[in-house]
Amino acid sequence: MPTMPPSGREPHQHRALAESFGTEAERYDRARPRYPDALVRRITTGRSGLDVLDVGCGTGIVARQLRAAGCAVLGVEPDARMAEIARRDGGAVEVATFEDWDPAGREFDAVVAGTAWHWIDPVAGAAKAARALRPGGLLAPFWNVFRFPAALAETVASACQWALPDSPFDFTEMTTGALEAYQGAFAKVADGIRAAGGFGEPEQWRFDWEWTYTRDAWLDQMPTQGPFTRLPPEALEQVLAGVGAAIDAVGGGFTMRYATVAVTAVRGGSA
């Protein structure tokens, strides 16, 4: 299922969708996948005690992983419902959109964003990151991109399309390969970094991994995904029933393949 918004407008222009995740904030924190340790190590290796700005920090999933690696993390999150959960274990969060957020003279060693940068204007966001980073600092927005196993993908896509025939989302991305569908978005992120100036040439990092879901675990996560956060309860119930039946038909669980992709760039000596 796609997590980015439908085509037509740029992702950052879908503000209502971007701010809909707080309706399921508790579930979001419980069910959303974490990020691979290899990504955290690559961000932090050789640089202990980093000051990190976590953009669109949500419920603090990324921040907790970075704090465990020894980083000091400040989150910026536009949804106060999400920020409340991120603060429960001592996380520092300021409620604002990144475009409107004021660094107030503060500087960071890294600016990261876990499955959130597409909600930000790519040029304005990169320019704000350049102002917030120390020379040599790292900008690293990243995304978890998943692909269902072949035996399940088409059935799940059909169940979603049947329940939501007028949805602007393309559920067939699950069968054609979501990573390929995301490449255009990654290119726009890189172009935004180039246009903003102040950075070296962007590059991509990729980390492949797998996670095994039970039927219930996957159905717990689905309502936190973009196509479903604003559905009426009866429509969501139809979607979950259809997807649950598809998972039952393959034995009640499955292994999801993930690719975590980061678009990274290093800030130069002057913005």
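The model is a predicted one, so local features need pLDDT of at least 70 and side-chain atom pairs count only at pLDDT 80 or more, while totals for chains, interfaces and linings use all residues. Numbering runs from 1 along each chain as its sequence is written, and side-chain values use heavy atoms, with hydrogens and water left out.

Helix α4 itself spans residues 61-68, and its buried residues are Ile61, Val62, Ala63, Gln65 and Leu66. Buried here means under 20% relative accessible area, exposed over 50%, and partly exposed in between (1.4 Å probe, protein chains only). These α4 residues pack against α2, α3, β1, β2, β4 and β5, a contact being heavy atoms within 4.5 Å.

As for the nonpolar cores (sets of buried Ala, Val, Leu, Ile, Met, Phe, Trp, Tyr and Cys residues joined through side-chain atoms within 4.5 Å), the largest has 33 residues, and Leu53, Trp101 and Trp117 touch the most other members. Helix α9 gives the most to this core, with seven residues. Beyond its neighbours within four places in sequence, Trp117 is in contact with residues including Val55, Phe98, Trp143 and Val189. A second, separate core holds 29 residues, among them Tyr213, Trp218, Leu240 and Tyr258.

On the cysteine side, there are zero disulfides, a disulfide being a pair of cysteine sulfur atoms within 2.5 Å. Cys71 counts as buried because its relative accessibility is 8%, and Cys160 does too, at 0%.

Technical notes. Helix = DSSP H or I, 4+ residues; strand = E, 2+ residues; numbered from the N terminus.
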